[in-house]
Amino acid sequence: MSTTTVRRRLTRDESRAQTREHLIDAARHLFVTNGYGGASIRDIANNAGYSQGAFYSNFSSKEDVLLELLRRHMDAEAMQLTTLMDDNAQLPEQMLAQLEAWASTLNHDADWCMLSIELQLHARRSLSFAADYQKVWDKHQSEIGGVIDLLFKKLGRSTPAEPHELAAAFMALSHGLALQKTTDRQELTGRLIMVFLRGLIASST
């Protein structure tokens, strides 16, 4: 006796969300392989298997998709760090070990390194995009600053500079090293961030 699996039909909202995800995945792939300027809306829609009308039903422009990719990356990063800091049972060295393990994964995603370059280049070329880019960047800097402030408080120390300033320095280091990344070079971002962080902790009161 054979059984037939009945596939549940997606709701309108589920179908729209699925279309949006497919378009984002296609855009990410094309931005990485062809560059932002080399990927048209037609290319993104075709690669995802949809019409240009489907693209415009979800995004107003290519810049919208580029910003969404930035938001997702930064939101995930902030969530990971917040989760690490939420464990109040950790001893200081355990906390730093967890941070070191997390930092070791930074810039290992070659696609993100390429996207980071595309984001920064486009922000230089487009004033309207630069303003939106800065809003996302500032929000992330504030979140990272909050994590740094909490870390130093848990260690019973004072930050040697304002938390948001330290966050800016860490972000600059991470994104700067992403710009310099090559496939044949050892990834140094995580190790250097932890060297920087441990030095700041040692110099704090």
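**Notebook: helix packing and pockets**

I began with helices H1 and H2, which are oblique to each other. For the angle classes I took under 35 degrees as roughly parallel, over 145 as roughly antiparallel, 65 to 115 as roughly perpendicular and the rest as oblique. The model is predicted, so I note its rules: local features need pLDDT of at least 70, side-chain atom pairs count only at pLDDT 80 or more, and totals for chains, interfaces and linings use all residues. Residues are numbered from 1 along each chain as its sequence is written, and side-chain values use heavy atoms, with hydrogens and water left out.

**Entry 1: H1 with H2**

I looked up the geometry behind that class. H1 covers residues 12–34 and H2 covers residues 41–48; their axes come within 8 Å and cross at roughly 120 degrees. Axes here are lines fitted to C-alpha atoms, for helices over the stretch in contact, and angles run from 0 to 180 degrees between N-to-C directions. H1 passes H2 in a right-handed crossing. A crossing is left-handed if the near helix is turned anticlockwise from the far one by less than a right angle, and right-handed if clockwise.

On the H1 side I listed His22, Leu23, Ala26, Ala27, His29, Leu30 and Phe31 as making the contact; H2 brings Asp43, Ile44, Ala45, Asn47 and Ala48. Contact means heavy atoms within 4.5 Å. By class, this contact has 8 nonpolar, 3 polar and 1 charged residues. Ala, Val, Leu, Ile, Met, Phe, Trp, Tyr, Cys and Pro count as nonpolar, Asp, Glu, Lys and Arg as charged, and the others, Gly among them, as polar.

**Entry 2: the whole chain**

I counted the elements next and found 9 helices and 0 strands. Helices (H or I, at least four residues) and strands (E, at least two) are DSSP runs, numbered from the N terminus. I also took the box filled by the C-alpha atoms, which is roughly 65 × 55 × 35 Å along the principal axes.

I then turned to H6. H1 and H6 pack at about 75 degrees with their axes 9 Å apart, and are therefore roughly perpendicular to each other. Arg28, Phe31 and Val32 of H1 meet Asp111, Trp112, Met114, Leu115 and Glu118 of H6. I sorted the residues of this contact into 5 nonpolar, no polar and 3 charged.

For H4 and H6 I read axes that come within 11 Å and cross at roughly 125 degrees; the two helices are therefore oblique. H4 passes H6 in a left-handed crossing. Glu63, Leu66, Leu69, Leu70 and His73 of H4 make the contact with Trp112, Leu115, Leu119 and His122 of H6. That contact divides into 6 nonpolar, 2 polar and 1 charged.

**Entry 3: pockets**

I used a 1 Å grid over the protein atoms alone: a cavity is a set of points where a 1.4 Å probe fits but cannot get out, a pocket is an open set with protein on both sides within 12 Å along at least five of seven lines, and lining residues have an atom within 4 Å of a point. Grid points are joined across faces, edges and corners, and a volume is the space filled by probe spheres set on the points.

The largest pocket holds about 570 Å³. I found 30 lining residues, with Glu77, Leu81, Trp102, Leu106 and Ser174 nearest its centre. H4, H5, H7, H8 and H9 each give two or more residues to this lining, and H4 gives the most, with 8. I sorted the lining into 18 nonpolar, 8 polar and 4 charged residues.

The second largest pocket holds about 150 Å³. I listed Gln120, Leu121, Ala123, Arg124, Ala130, Tyr133 and Gln134 as its lining. H6 provides the largest share, 4 residues.
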